[in-house]
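Please consult the sequence and coordinates shown here alongside the text.

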Amino acid sequence: MVAGSISLVGFGVDSFIEVTSGATLLWRMSVDSEVQSRERNEKLSLRIVGICFIALALYITYEALSDLISKTAPKHSLPGIVLACSSLVVMPLLSRAKRKVGRALDSAAMHADAKQTEFCTYLSAILLGGLLLNAFWSWWWADPAAALIMIPIITKEGIEGLRGNTCDDCSARVGRPE
């Protein structure tokens, strides 16, 4: 927010959604022993995360369009560039570990969380591009444009979560070695 970068703020809010998703998964795992309510809890977990994504997409759309219309230039953000670079390394590793746990637990919610972490990698790359274009070439519009590029990815994840889509092949993989 200090840098005035909507793509960086969007990335930060996405990180908050990552924490929300993780907390939802912890709750879901804590009630996992109740076999009758397991599927309901899976879908509820997915919907909570979906709502967060839709809210994020709406916020980013509003802010990015406002910045483009008012020609608001964000400040250069070295910490943002470092964060984006770090995320490009860490997020794929974390996503892979979550997918492995999701298969072992037969959890669609864990698979959705792994998918969210995976697309955080894409958001990191988009964020990095916008920040670098602004920092090195002073393309003020690169930041809100990068934020708008994030919107379809975020919206797709939100819609899938709201629908309560579950992992189609989670059950088929349980018990199978990787």
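How many cavities of 30 Å³ or more does a search of the whole structure find? The search finds one.

## Basis of the model

The model is predicted; local features need pLDDT of at least 70, side-chain atom pairs count only at pLDDT 80 or more, and totals for chains, interfaces and linings use all residues. Residues are numbered from 1 along each chain as its sequence is written, and side-chain values use heavy atoms, with hydrogens and water left out.

## Overall architecture

The protein has six helices and zero strands, where helices (H or I, at least four residues) and strands (E, at least two) are DSSP runs numbered from the N terminus. Of its 178 residues, 42% count as buried, that is, under 20% relative accessible area with a 1.4 Å probe and protein chains only. Among contacts (heavy atoms within 4.5 Å) between residues at least 6 apart in sequence, 82% join residues at least 24 apart.

Helix H2 (38–70) has 33 residues and reaches 48 Å from its first C-alpha to its last, close to the 48 Å expected at 1.5 Å a residue; the expected span is 1.5 Å times one less than the number of residues. Lys71, with a positive phi near 55°, follows H2.

## The cavity

The largest cavity has a volume of about 60 Å³. A cavity is a set of points on a 1 Å grid, over the protein atoms alone, where a 1.4 Å probe fits but cannot get out; lining residues have an atom within 4 Å of a point. Grid points are joined across faces, edges and corners, and the volume is the space filled by probe spheres set on the points.

H1, H2 and helix H4 (108–137) each supply at least two lining residues, and the largest share, four residues, comes from H4. The lining includes Ser21, Ser45, Ala109 and Asp113. By class, it has five nonpolar, four polar and one charged residues; Ala, Val, Leu, Ile, Met, Phe, Trp, Tyr, Cys and Pro count as nonpolar, Asp, Glu, Lys and Arg as charged, and the others, Gly among them, as polar.

## Packing of H1 and H5

Helix H1 (residues 6–30) and helix H5 (residues 142–163) pack at about 35°, with axes 7 Å apart. Axes are lines fitted to C-alpha atoms over the stretch in contact, and angles run from 0 to 180 degrees between N-to-C directions. Ile6, Ser7 and Leu8 of H1 meet Asp143, Pro144, Ala146, Ala147 and Met150 of H5.

## Ser87

Ser87 lies in helix H3 (residues 78–105) and counts as buried because its relative accessibility is 5%. Leaving aside neighbours within four places in sequence, Ser87 is in contact with Phe11, Pro92 and Ser124.

Conventions. 1 Å grid on protein atoms, 1.4 Å probe; cavity = no way out; pocket = protein on both sides within 12 Å on 5 of 7 lines; lining within 4 Å. Buried < 20%, exposed > 50% of the residue type's maximum accessible area, 1.4 Å probe, protein only.
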